[in-house]
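Here is a short briefing to read beside the sequence and the model. Have both open and follow along topic by topic.

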Amino acid sequence: MLSRCRARPSRFAWRCLVGTPSRRVMSESCGGGCSGGGAPAGNLFEPTPEHRALRETARAFTRKEVEPQALEYNRKEKLNYPLLKKMGDLGMLGLTADPAHGGSGMDCLGACIVHEELGWSDPAFAMTYLAHAMLFTNNVTQNASEAQKAKYLPRACSGEALCGMAMTEPAAGTDVLGMRTTARRQGDYYILNGSKMFITNGAKSDTETGDVYLVYAKTGPVDDNKNISMFLVEKGMPGFSLGQVLKDKCGMRASPTAELVFSDCKVPAENLVGREGGAVKCMMRNLELERLTLSAIGLGLAARSLEVMLQYSQDRKAFGQPLHSFGQIQKYIGDSYAAFMAGRVYLYNTAAQVKLHQAGNRLDTDGVKLFVTPMAKTVADAAMQVLGGNGYIGSYAVERLWRDAKLLEIGGGTLESHQKNMTRDLLGKSAII
């Protein structure tokens, strides 16, 4: 392992931490328990020294680089692209990508570690990271040809290109297979027509799209929900343009969200990923990873909310006593921690079973998101309640985290869609245990 580090000194630097003493960064108020601080490698949350080193590096990066800018970029509603590119220097933008193409070759559990750590500070930045590293880079890694990987992955892994995935449409959210964007073969090109909405990383600025997207479109009759294909679409391709850049969002304000428009967009036939009509399986497989990493952002958000709640309950006095001496506050703290730990165990246990090249974990990836994302919102709300008026203003992180938490219940599949999917899967089981 260390020899691999020496061979790549500027990238994968976190791998060089394998075998080094642990650095305790977790706040003392949480005793190291809220997000794994101080825990030895070999546990559920860091099963190998490499996972432990990855967490330490992601945590150090989050505290040093992400936290100082979080509130500023939230208020500006602006993407911090230079900061995202720094994650490329750490080997994290290609976390699950092939090492041959500039990636780090990590697993689903490693992806959850990074999202949990980022979510502790800036869920919006974590969303931008997720769209780039999971929805685009991992998707290309698992589904693209060798030629496509060689062309697109190095730029994605380094951060030279800002990437994303375009699936949702103005009239096709949960009913994603009802999308209306079409792709018609014409000689050496496909001609794409339609639009995609609510696309994370859809814009670098108010006038400029990102660089490369995986775009889902119908390659057969528009009413044929099975004939969906996937294309690599680059900025500058004829007919591809930026539509609305969505502002004044409730939360996740530092993560750019936009509409992408395709008007007789000419995409080279070689940019078809896989075969025509073969994208549904790719979509469903990547949704499993998306739901776990979205939930991991929620874990980090909940851990931070709990830490703030704990610290404030020690510092603030009422009726001559610290807040934590009152039963009502103890209920918020105790219930929040128990729910957090239940969700954390469920998420990491599920992540350990997910193979990135395989589907088949829908029941529990949906189950994790169904449990963890409302939990995160509830814990943030409890923290705001404990802080009272102070929790309602921007001086404490919980106001921003509370706003960010809501999207986790919507993006990557609504709670209602998870309930539907889980019921279908459970009806096929003869026993639960």
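Asp248 sits in the loop between β6 (240-245) and β7 (257-268), where helices (H or I, at least four residues) and strands (E, at least two) are DSSP runs, numbered from the N terminus. Asp248 is not a glycine, yet its phi is positive, at about 60°. This is a predicted model, in which local features need pLDDT of at least 70 and side-chain atom pairs count only at pLDDT 80 or more, while totals for chains, interfaces and linings use all residues. Residues are numbered from 1 along each chain as its sequence is written, and side-chain values use heavy atoms, with hydrogens and water left out.

**Positive phi values**

- Most residues other than glycine have a negative phi.
- Asp248 counts as exposed because its relative accessibility is 59%; buried means under 20% relative accessible area, exposed over 50%, and partly exposed in between (1.4 Å probe, protein chains only).
- Phe198 is another residue other than glycine with a positive phi, in this case near 60°.
- Phe198 belongs to strand β3 (residues 189-200), and with a relative accessible area of 53% it is exposed.

**The chain as a whole**

- Twelve helices and ten strands make up the secondary structure elements of the chain.
- The chain is as compact as a globular protein of its length, because its radius of gyration of 21 Å is close to the 22 Å that the globule rule gives for 433 residues. The radius is taken over C-alpha atoms, and the rule is 2.2 Å times the number of residues to the power 0.38.
- Along the principal axes, the C-alpha atoms fill a box of roughly 80 × 55 × 50 Å.
- Of the 433 residues in the chain, 57% are buried.
- Among contacts (heavy atoms within 4.5 Å) with a separation of 6 or more, 75% are between residues 24 or more positions apart.
- The chain carries 51 positive and 43 negative charges, whose mean positions are 2 Å apart. Lys and Arg count as positive and Asp and Glu as negative, while His and the chain ends are not counted; each charge is placed at NZ of Lys, CZ of Arg, CG of Asp or CD of Glu.

**Aromatic pairs**

- How many aromatic pairs does the structure hold? There are six, where rings of Phe, Tyr and Trp (its six-membered ring) pair if their centres lie within 6.5 Å, and planes under 30 degrees apart count as stacked, over 60 as edge-to-face and the rest as tilted.
- One of them is the edge-to-face pair of Phe45 and Tyr348, with 5.3 Å centre to centre and 85° between the planes.
- This pair links distant parts of the chain, 303 residues apart: Phe45 is in the loop between α1 (2-7) and α2 (49-66), and Tyr348 is in helix α9 (residues 327-351).
- Both Phe45 and Tyr348 are buried.
- Tyr312 and Tyr396 also form an edge-to-face pair, because their ring centres are 5.8 Å apart and their planes are at 90°.
- Tyr312 is in helix α8 (residues 279-315) and Tyr396 is in the loop between α10 (362-387) and α11 (398-405), so this pair ties together parts that are 84 residues apart in sequence.
- Tyr312 counts as buried at 7% relative accessibility, whereas Tyr396 counts as partly exposed at 31%.
- Tyr213, Phe240 and Phe262 come together in one aromatic cluster.

**Residues in their surroundings**

- Thr293, in helix α8, counts as buried at 0% relative accessibility.
- Apart from neighbours within four places in sequence, Thr293 is in contact with Ala111, Cys112, His115, Leu130 and Met134.
- Thr293 and Leu347 are 54 residues apart along the chain, and their C-alpha atoms are separated by 9.2 Å.
- Thr141 is part of helix α6 (residues 123-143) and is buried, with a relative accessible area of 5%.
- Not counting residues up to four places away in sequence, Thr141 touches Thr96, Ala97, Asp98, Lys149 and Leu153.
- Gln321 touches Arg316 and Phe326, not counting residues up to four places away in sequence.
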